[in-house]
Amino acid sequence: MNGLAVACRRVVHIYRAEAGDVVALAGVDLSIAPGETIALVGPSGSGKSTLIALLAGLMRPSAGRINIGTYDMGKLSDGEISRLRGTEIGVVLQGAARNLLPYASLHRNIWLAQRRAAHTRGITLDDPDRILDLVGLPGQGRQRLADLTPGGRQRAALAVGIATGPGLLLVDEPTSRLDTAGRDEVLAAMETVNAERQTTIVVVTHDNEVGARLGRAVTIRDGRVGAEGRDGQDFAVVAGDGTVQLPPEVLGSYPPGTLFTVQHIDGEVTLVPGGTESVV
Ligand SMILES: Nc1ncnc2c1ncn2[C@@H]1O[C@H](COP(=O)(O)OP(=O)(O)OP(=O)(O)O)[C@@H](O)[C@H]1O
């Protein structure tokens, strides 16, 4: 399957907790083209895991719309979303052990992931050995989780995540607790999967190196898309409601209420601080 496009429009997510409601996402607008690789980065608690859980259909947004390929997630039943997750959307949770049966071989783990898809989609699935080749574990089908290095375990989790040939692969913190060599192996595996299958890949990460290696790094800040990095350049992003977040290092110099004049000359926009502070 080719990569799936993803579109989030004004996505809001509120956790209803005893201690009070928590607004985890406050209006995310994000478009991902088929076959793109994206890192979701940003401070702890900014909403990255919430966003990936919504894309995986593990939760439903409080408001807003999510489209994946031709699917409008809000219009699908729980059963349809669950089937989609087992077939066209691959999910790799944080920690390899959460994705694999530790005492079963890699072959069996891949086969178990494929079995349901074969029933629901009735298509020919990739040979498990071919999948292991893709993630850099050639000929390791008989190995079990414990037999592998930490980087190998994470790549085995990726193998299970792509077992059904999904068009969208969602991966949570694949390189945390890995050394540099392990991280490079996991990045190389994701790059190979993307190159060979054009799978759209969205990775939640705290690792800036991962963000730099993937095609696009989207910074989630306070539940919104705060900035984007592409090809070593940083960009501010205009949100669907017209707001733009300034980088924290800029905001640090200008307290809330600072007035700016906006100068728009020959296509260039400049913010010039000045005037009396307004009360916020
Ligand atoms: N089940 C929950 N119930 C209540 N609040 C939650 C729940 N899960 C997350 N939150 C809150 O929602 C906000 C966003 O959390 P989220 O885990 O999505 O952020 P994150 O960017 O993934 O953080 P981290 O990088 O630390 O994993 C935080 O304020 C968090 O405390």
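1. Strand E1 (6-17), strand E2 (20-32) and helix H1 (48-55) each contribute at least two residues to the shell around the ligand. H1 gives the largest share of that shell, 3 residues. The model is predicted, and the remarks below should be read as remarks on a predicted model.

2. The ligand is surrounded by Tyr15, Ala17, Val22, Ala24, Gly42, Ser44, Gly45, Ser46, Gly47, Lys48, Ser49 and Thr50. By class, the residues of the shell are 4 nonpolar, 7 polar and 1 charged.

3. Helix H1 is mostly covered, with 6 of its 8 residues buried. The buried residues of H1 are Lys48, Thr50, Leu51, Ile52, Leu54 and Leu55. In general, residues three or four places apart in an α-helix point the same way, because the helix has 3.6 residues a turn. Just after H1, Gly57 has a positive phi of about 75°.

4. The strands E1 and E2, which supply part of the ligand shell, belong to an open sheet of 4 strands in the order E2-E1-E4-E5, with antiparallel pairing. E2 and E5 are the edge strands, each pairing on one side only. In general, the strands of a sheet pair through backbone hydrogen bonds.

5. Within this sheet, E1 runs antiparallel to strand E4 (residues 63-68), and 5 bridges join the two. Cys8 stands opposite Ile66 in E4. E4 in turn is joined by 2 bridges to strand E5 (residues 71-72), again in the antiparallel sense. Asn67 is placed opposite Asp72 in E5, and Ile68 has Tyr71 as its bridge partner. E4 and E5 make a hairpin with 2 residues between them, and Gly69 in the turn takes a positive phi of about 60°.

6. Two further hairpins involve strands E9, E10 and E11. Strand E9 (residues 216-221) and strand E10 (residues 224-230) run antiparallel and are joined by 6 bridges, with Thr219 partnered by Ala227 in E10. There are 2 residues between E9 and E10 in their hairpin, and Asp222 in the turn has a positive phi of about 50°. E10 also pairs with strand E11 (residues 233-236), antiparallel over 4 bridges, and the bridge partner of Gly229 in E11 is Asp234. The hairpin of E10 and E11 likewise has 2 residues between the strands, and there Asp231 takes a positive phi near 50°.

7. The domain assignment of the protein gives domain 1 (6-245) and domain 2 (246-280). Taken over C-alpha atoms, the centres of domain 1 and domain 2 are separated by 36 Å.

8. For the protein as a whole, the secondary structure comes to 8 helices and 13 strands. The radius of gyration is 21 Å, close to the 19 Å that the globule rule gives for 280 residues, so the protein is as compact as a globular protein of that length. Along the principal axes, the C-alpha atoms fill a box of roughly 70 × 45 × 40 Å. Of the 280 residues, 38% count as buried. Among contacts between residues at least 6 apart in sequence, 66% join residues at least 24 apart.

Methods. Residues numbered from 1 in each chain as written. Predicted model: local features only at pLDDT ≥ 70, side-chain atom pairs only at ≥ 80, totals over all residues. Near = placed C-beta within 6 Å. Nonpolar A, V, L, I, M, F, W, Y, C, P; charged D, E, K, R; others polar. Buried ≥ 20, exposed ≤ 12 C-beta atoms within 10 Å, placed from the backbone. Domains from an automatic or database assignment. Pairing = 2+ DSSP bridges. Rg over C-alpha atoms; globule rule 2.2 N^0.38 Å. Contact = placed C-beta atoms within 7 Å.
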